[in-house]
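Please walk through this structure step by step. Keep the sequence and the 3D view side by side while reading.

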Amino acid sequence: MVNPRRILVPLALALMVAAGGTACAPVRSAIAGPTSSGAPSPSATVTSTPTPTPPPTSTTTGDFDKAALSTTDPTSYWVIVNKLRPLSPVSYAPSDLVTVPVAHDNPAVMRSTAAAALVQMFAAGAAEGAGEMQVQSTYRSYPVQRRVYNGWVSSRGQAQADKQSARPGFSEHQTGLAVDISTVPLKCALGACFGTTPQGEWLAANAWRFGYLLRYPADKTTITGYEYEPWHFRYIGIPLATELHKEGVETLEEFFGLPAAPDYAH
Ligand SMILES: [Zn+2]
C-alpha cells in the first residue's frame, strides 16, 4: 500500500498550484466491467445474453440513452461530482483500484478500467507524435483529501482553503476515475500552459477516443466551479465521451441538464 505521508507534500503542492483543486468520485463497471472469467461455466446458469435494452425514456437523445448509467452512484462511470454534488457516501472508496503502469511523478492508482484506458491513451499519444506523458496525480482517498483540506483551513481559513483544495468528498480524484497528466520531461505541470504543449493539445483533441473528458474547460468555469485545468481528465467511458464529442458538449453538467455548480452550497 502507498504510504500517504510520501505523497502528502507533492499532493499539497499540486493542490496549491491547481487553485481550486480537483474533485473526485468513482463509477462502477456497469457497462465495461469485467464480466467473464474465461472459465467455462459448469452449470451454464449464467448466460452471456446481453442485458436487455431499457425502454426509451424522455432523457434519450437520438439513440443515446442518457439514463443508461447512474450519475449519482459513486461506482458508476457516469457519476457527476462537483461543488453541489458530493460523493455519497462522502467517504466512498473504489474497490477495484490498481497501480497504473505508466510513468508517474506521484503514485499512479486508478480504477482498473480507467487505468487500462490511460495506458492506451499515453501509448497512442506517443505513437501519434504528441510526445511522452506521465501521471501527476490520480486517486486521492477521503482521508488524504480531508488531511490536505484541513491543513489549508488551519493555516489560511476556510475561504482560502476552498480556493486551494477541494473539500473531502467533493473531489473527482476520490472516484479513482480522474487523473492529472503532465509532460515528460516535466513542463507546465498543473499550469494553464500545459494546454499549449503538444501533449496538452493532443489530449484535448483525442482523449474522448479513450473514454476521457477534459473536465474543466477554460470557458466553463462558472459551470464546473473550477478554473481551466487542461491537465485534469476524467474517465467516463467511450460511449459517453464519444457522444459528448459528437454533440460538441463540453461538460457533464450541460449534457445531463444539471445546475451549474460555481461554488459550495454552504
Ligand atoms: Zn485533477
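Setting aside neighbours within four places in sequence, Trp152 is in contact with Gln160, Ala161, Gln164 and Ser165. Contact here means that the C-beta atoms of two residues, placed from the backbone, lie within 7 Å. This is a predicted model: local features need pLDDT of at least 70, side-chain atom pairs count only at pLDDT 80 or more, and totals for chains, interfaces and linings use all residues. Residues are numbered from 1 along each chain as its sequence is written.

Trp152 sits in helix α3 (residues 142-156). Helices (H or I, at least four residues) and strands (E, at least two) are DSSP runs, numbered from the N terminus. Trp152 counts as buried because it has 20 C-beta neighbours inside 10 Å. The cut-offs are these: a residue is buried if 20 or more other C-beta atoms lie within 10 Å of its own, exposed if 12 or fewer, and partly exposed in between, with C-beta atoms placed from the backbone. Gln164 is 12 residues from Trp152 along the chain, and their C-alpha atoms are separated by 7.6 Å.

Now turn to the core. Which residues have the most contacts inside the largest nonpolar core? They are Val100, Met110, Leu118, Ala207, Tyr212, Leu213 and Phe233, in a core of 46 residues. At least two residues of this core come from each of β4 (109-111), α2 (112-127), β5 (132-137), β6, β7, β8 (232-235), α7 (238-247) and α8 (252-255). Helix α2 gives the largest share, 6 residues. A nonpolar core is a set of buried Ala, Val, Leu, Ile, Met, Phe, Trp, Tyr and Cys residues joined through C-beta atoms within 7 Å.

Take two of its members. Leu213 lies in strand β7 (residues 212-214). Leu213 is buried, because 24 C-beta neighbours lie inside 10 Å. Not counting residues up to four places away in sequence, Leu213 touches Ala207, Trp208, Phe233, Arg234, Ile236, Ala241 and Leu244. Glu250 is 37 residues from Leu213 along the chain, yet their C-alpha atoms are separated by 8.2 Å. Val100, by the sequence rule of up to four places, touches residues including Met110, Leu118 and Val135.

Next comes helix α5. Its buried residues are Gln199, Gly200 and Leu203. Seen down the axis of α5, they fall within an arc of 95°, so they line one face of the helix. The arc is that of the directions from the helix axis to the C-beta atoms. An α-helix has 3.6 residues a turn, so residues three or four places apart point the same way. The cover over the buried residues of α5 includes α2, β5, β6 and β8.

The loop between β6 (178-184) and α5 (198-206) holds Pro185. A cis peptide bond joins Val184 to Pro185, with omega about -5°. Cys188 has a positive phi of about 55° although it is not a glycine. Leu190, also not a glycine, has a positive phi near 55°. Leu190 is buried because 22 do. Most residues other than glycine have a negative phi, and most peptide bonds are trans.

One more cis peptide bond joins Ser88 and Pro89, with omega about 5°. Pro89 belongs to the loop between β2 (64-65) and β3 (97-99).
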